[in-house]
Amino acid sequence: NDKLKGKVEAPAEGFYLGQSESGKGDIKTFEQAVGIKVALMPPYEIMYGVEEAGEGTLRFDVAAAERAHKEGYIVWASAYEATPVHKSFTVDNLLAGKYDADLERLAGQFEQFGKPMFFATMREVNGILGEWMGGFGPNGDNDIGWAIQNKKGFSEFNPNKFPNSELYSDLGNNSICDGLERAVAAQRYYYDFFVNRKGLDFLTFDTMAWAVPSHAPDFGPPNSHETKLLKSCDDFRLMLNLLKDHSDWVSINWYL
């Protein structure tokens, strides 16, 4: 419905089903197998440059989004994926406003489309990106291996040094995984930038496609630094609570 405004509407029951296009035809194959059309994703690219921070390639393809909308798919947009696994990006730089010029251009493209769509700050924050999450260390450019090796990862993130620090007043907690806190801070920044500052109230923020593992992870000795850090980083209830004012939908990826 081209006249829809606001957030993506919830279905009367159940959930929205998605499938990604890892290989050509994957979505159609999945749709044929389950006997229904998926809600997301469309079988072509809409976002460009999300893994290339600083390269000036961040772009939302309005024409492709319109095509997806007409074909009945819900559009899923993003910005720079908020993890330092993509080199040159850090959440700390995001919070300092260093990518705002690119976000300004992106906001204009979102506004041109102007229909309800999902916004993803990160994909699989604790899955594929689990070693990095939002980043570790004083500058947020290290992985969890660095934090474990150096018995760090709880107290190196200081959100009070950034502009609009009131957005992060409950973060910087020395008992919470820095990688999780930085992911939350990034979502709050994107939410504030696009929704509050730019007025794009048709963006529906999800919970970063939390990865559901097929078996419980083995963290090691129960009182070790490694176990405490990994358990904190893998705490979805904590993530949901910290995102309660900056997320609209729960999103998960199921790993079988």
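Student: Which residues is Asp 206 in contact with, leaving aside its neighbours within four places in sequence?

Tutor: This is a predicted model. In it, Asp 206 touches Trp 76, Phe 119, Ala 120, Gln 187, Ser 247, Trp 249 and Ser 251, once neighbours within four places in sequence are left aside.

Student: Where does Asp 206 lie?

Tutor: In the loop between strand E5 (203-205) and strand E6 (210-212).

Student: What is the nearest side chain of opposite charge to Asp 206?

Tutor: Arg 123, and it is 10 Å away. A salt bridge needs a nitrogen and an oxygen within 4 Å. Asp 206 has none, yet it is buried. Arg 123 has partners elsewhere: salt bridges that share partners join Glu 51, Glu 81 and Arg 123 into one network.

Student: Now the sheet. What is the order of its strands?

Tutor: E3-E4-E5, in an open sheet of three strands with parallel pairing. Strand E3 (76-78) and E5 each have a single partner strand, so one side of each has no neighbour in the sheet. From one strand to the next, the twist averages 40°.

Student: How many bridges join E4 to E5?

Tutor: Three bridges join strand E4 (residues 117-120) to E5, and the two run parallel. Phe 119 has Phe 205 as its bridge partner in E5. Phe 118 has Thr 204 there. On the other pairing, E3 and E4 are also parallel, over three bridges. There, Ala 77 has Phe 119 as its partner in E4.

Student: Which way do the side chains of E4 point?

Tutor: General idea: in a regular strand, side chains alternate between the two faces of the sheet. Here, Met 117 and Phe 119 point one way from E4, while Phe 118 and Ala 120 point the other way. All four residues are buried.

Student: Which strands does helix H6 touch?

Tutor: Helix H6 (residues 178-197) packs on the sheet and touches E4 and E5. The direction of H6 makes about 165° with that of E5.

Student: Which residues does the disulfide join?

Tutor: General idea: a disulfide is a covalent bond between the sulfur atoms of two cysteines. Here, Cys 177 is joined to Cys 233, with S to S at 2.1 Å. Cys 177 sits in the loop between helix H5 (144-149) and H6, and Cys 233 in helix H7 (residues 225-233), so the pair ties together parts 56 residues apart in sequence. The torsion about the S-S bond is about 85°, so the disulfide is right-handed.

Student: Are Cys 177 and Cys 233 buried or exposed?

Tutor: Both Cys 177 and Cys 233 are buried. Other buried residues of H7 include Leu 229 and Leu 230. The buried residues of H7 pack against H5, H6, E6 and helix H8 (236-242).

Student: How many salt bridges does the count come to?

Tutor: The count is 13 salt bridges. One of them pairs Asp 248 with Lys 7, at 3.3 Å from N to O. Those two are 241 residues apart: Asp 248 in the loop between H8 and strand E7 (252-254), Lys 7 in the segment before helix H1 (26-34).

Note on methods:
Residues are numbered from 1 along each chain as its sequence is written. This is a predicted model: local features need pLDDT of at least 70, side-chain atom pairs count only at pLDDT 80 or more; totals for chains, interfaces and linings use all residues. Side-chain values use heavy atoms; hydrogens and water are left out. Buried means under 20% relative accessible area, exposed over 50%, partly exposed in between (1.4 Å probe, protein chains only). Lys and Arg count as positive and Asp and Glu as negative; His and the chain ends are not counted. Contact means heavy atoms within 4.5 Å. Two strands pair if DSSP finds at least two bridges between them. Axes are lines fitted to C-alpha atoms, for helices over the stretch in contact, and angles run from 0 to 180 degrees between N-to-C directions. A disulfide is a pair of cysteine sulfur atoms within 2.5 Å.
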